[in-house]
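Dear colleague,

Please find below the structure that I am handing over to you. My notes on it follow.

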There are 2 protein chains.
Amino acid sequence: MCRALVTRITLSNLFERLPLSDSVIDDLRNVLGAIVRTDAEILHSRRHDYWAVSHLRDWLKVALETPRCVVQPTTTAEVQTLLRYCNAHSIAVMPFGLGSGVCGGILPTNEVVLLDLSTMNAIREINEHDMTATFEAGKNGLEAEEAVAAHGLTIGHWPQSIGVSSVGGWISTRASGQFSTAYGNIEDIVYSIEAVLPNGDLVQLGKAPRAAAGPDLRHVLMGAEGTMGVVTAVTLSLRKAAQRRAYSAFYCDSMPQGIEAQRQIIGADWRPPVMRQYDASEVKRNFREYFLEGKALLFMVHEGPAVRVEAELGDIARIVAAAGLQPCDPAVAELWMGKRNHVVEWKDFFEKGAVVDTIEISAPWSKIDTIYDDAVASLKAREGVITASAHSSHAYRSGVNYYFSFAALCEPEAMESMYFDCWRRVMEATIKHGGGIAHHHGAGRLRKPYLESDLGATGVALLRTLKAAVDPNGIMNPGNLIPEETITEYPR
Amino acid sequence: MCRALVTRITLSNLFERLPLSDSVIDDLRNVLGAIVRTDAEILHSRRHDYWAVSHLRDWLKVALETPRCVVQPTTTAEVQTLLRYCNAHSIAVMPFGLGSGVCGGILPTNEVVLLDLSTMNAIREINEHDMTATFEAGKNGLEAEEAVAAHGLTIGHWPQSIGVSSVGGWISTRASGQFSTAYGNIEDIVYSIEAVLPNGDLVQLGKAPRAAAGPDLRHVLMGAEGTMGVVTAVTLSLRKAAQRRAYSAFYCDSMPQGIEAQRQIIGADWRPPVMRQYDASEVKRNFREYFLEGKALLFMVHEGPAVRVEAELGDIARIVAAAGLQPCDPAVAELWMGKRNHVVEWKDFFEKGAVVDTIEISAPWSKIDTIYDDAVASLKAREGVITASAHSSHAYRSGVNYYFSFAALCEPEAMESMYFDCWRRVMEATIKHGGGIAHHHGAGRLRKPYLESDLGATGVALLRTLKAAVDPNGIMNPGNLIPEETITEYPR
């Protein structure tokens, strides 16, 4: 399984298309000018995103392929021109935001034009009255947040990667932020999407606060990970900065006890923006001064009008006490707030002989405990695994996510197979008990072999049908997300 | 324009396909048995939905076409069999729920197989722990709500039509309920969708509380109004019945003053489930005992944990007072609660020489006041119009909807052109000022000529591309929703 997966991920990039000859590059330069770059430095810098496997291969001195050229547009019209050209000539285009993806969505080859959106990063508008802001796709997330914060507003979307991810990337991967339990995921925050389709058509999807005017076409782009077109700008629906913020924290005797408390909090119609529950292993690792042997830890960040925050604190304290939880110093939540956007360097782990990653899944309340038990047990059963743990970080009326972490020690040459084997173990435990394989990091090339579990064979066939219709020449990020294997033919 | 619109709506059903001969019906009977019905009574009863124009034509003794046959499945497998047969023979299929549509989504001809889902109405599961319930598509909305209410739960989705609409219809039209400002629209309530694609494939879309596993394919069916396949069952994510309910009401000197108060309530992060604002004309008509000359009326229903409802009442009273509103007896909101699901009989109006309808649109805060002024003025400028008014009923962070009402007196033979002209006036005022043409009733054949305003020419082309891919033989509800006119070719 492990080897098969690796092979498939490598092969999926060897799509059949003409090599990008020098004359094609000359042609592109004639059409687009100096934004078409082939200098070694830019090609090298765009050879991968933040996927651990790419970094591992790099660290192992496996020469990663670089894109054949990097195009750095500053206007939507340039993106249209590029896609029209590439569509006419069946040239593969790989859209690249700020490179924070962690699932193999970006894996360039020298047959690929890498479309670098980091150069499209303007703030087009901040509308305080309508509470909207429009950013070009390559805008850095933290810069976008800071721009609206200067007006007393917030996007309310805080992925851990906020300092290194782009607004367009949030759309393309269906991102979630740390405050999602109250403020929603990116699909609840986006107002409209400007995108260029593979044929060069410019679409502006989303016109009103809400519509019943046919299917919501924004969802063709959201989560498509560059396979359906290129997101060039995004309008987000904002919030005012909260009047008050407060913290609470509680110890749980077990993960299921805490999960049940969360279910009751949501059932009572409370929505603390942040609600995170760490198992004892993660408490010890991340919040050592709060560690109590065998105890899980649930903490919350409460925000909103001061009177509501007061009401929420009191009612939730009552609910969790009834569920058997014990108070913990809420300073642990503040501690988390201070370090929550830290992004690790993979090579720091490789150099210690360790391969690590996180894997987020979600499931209904009734299935999440079994998935936790099985995934952690399966990871721990693998020789070399030294930690296997999880926390929850996003709650819904009908269930919750889990964010698994693993660390394993092995020889450098075994790290890649260790990585894929750990992933396989969590995916298989999730699938076995009816969970969803991906909460918010996207699928990329990494989860592609498991996509059928979420969508079913007919759902994958439907996705392939949509892809073939929108991108008939298959130019958009080929090999990503959508299984090549024809699982079910879609007969006419 | 008016005549052109009528002509287009009529023509759109004259799609080219083979007439449904007796032998086709015999064939269908061989395959599906007695669920294929051709008795005059059933054909007659399914000749239209709740669209005012169909009822008007009926009342005028214009012989409405009936479907060639009505198929009444009780299993998903029967729906698959039907679609496979019809797809192979290019036979048009028109899915029909409980017939509460108001935009011309159902307009049978005798070349159409009407797929009557009212016979698929089972409750498959109510899961108290996961807070989900699964209903077959034809389940009556009120019966569904009552079934979960017996467990202390609520769907929280209260369209005015709840007593006469189906759960599947909610999905197909992207319905909104009266409590949407807190509880969301149907897309926020649906957990998963079981549907049969035109080729007979069964898909189950939605597996987990949230996913980032490619585009959210549930949106292929949501809002498709029967053009992309047949919704056969729906799993909804429930809530517990609220601990407390309270009411509040306030007079506004003008509609813009009340809209600004709503904007500030939402901006402060309060979400009363119901927030409705009626202009003076509607207050006089609907809440006569509360009418004050020239005053608009904003009322709210507050629900949730008792302590939060208390906090919400106090804070909102402060916000609206600062915005210049004056208290009104909250009993007006209770009065509305008691009569909110009343559904009129169109012929009661026709018999009085009047044609009436409601038209819902939405817009950003900054555009809604101008749309209101222009739409009402344009309606009133039409000779024969005796009332033109509006209320808002669904608020969002970035805007709000308006629900326009008109009544016009004219000779019976002029009623249809009066109807389309009044619609045109509201659509044009909305479009002129940048609003969205449809908040929650769907588009059907009625709004189809205006769809390009919401989606743009390229967006319509994208929708047509998706339709052609999913339904290559064009069997699903042909003529509905998607403009036939090739506005933009989608080149390959």
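Contact here means heavy atoms within 4.5 Å. By that rule, 95 residues of chain B are in contact with 95 residues of chain A. This is a predicted model, in which local features need pLDDT of at least 70 and side-chain atom pairs count only at pLDDT 80 or more, while totals for chains, interfaces and linings use all residues. Residues are numbered from 1 along each chain as its sequence is written, chains are lettered from A in the order in which they are written, and side-chain values use heavy atoms, without hydrogens and water.

The two chains bury about 7900 Å² between them, 55% of it on carbon and sulfur atoms (buried area is the accessible area, with a 1.4 Å probe, that two parts lose on being put together, summed over both). On the side of chain B, K207(B), R210(B) and R397(B) lose the most area to chain A, together 11% of what that side buries.

Between chain B and chain A the count is 6 salt bridges (a side-chain nitrogen of Lys or Arg within 4 Å of a carboxyl oxygen of Asp or Glu). One salt bridge joins the side chains of R308(B) and D269(A), at 2.9 Å from N to O. Helix α18 (residues 451–470) of chain B gives the largest share of the side that touches chain A, 13 residues (helices are DSSP runs of H or I, at least four residues, numbered from the N terminus).

Yours sincerely

Conventions. Helix = DSSP H or I, 4+ residues; strand = E, 2+ residues; numbered from the N terminus.
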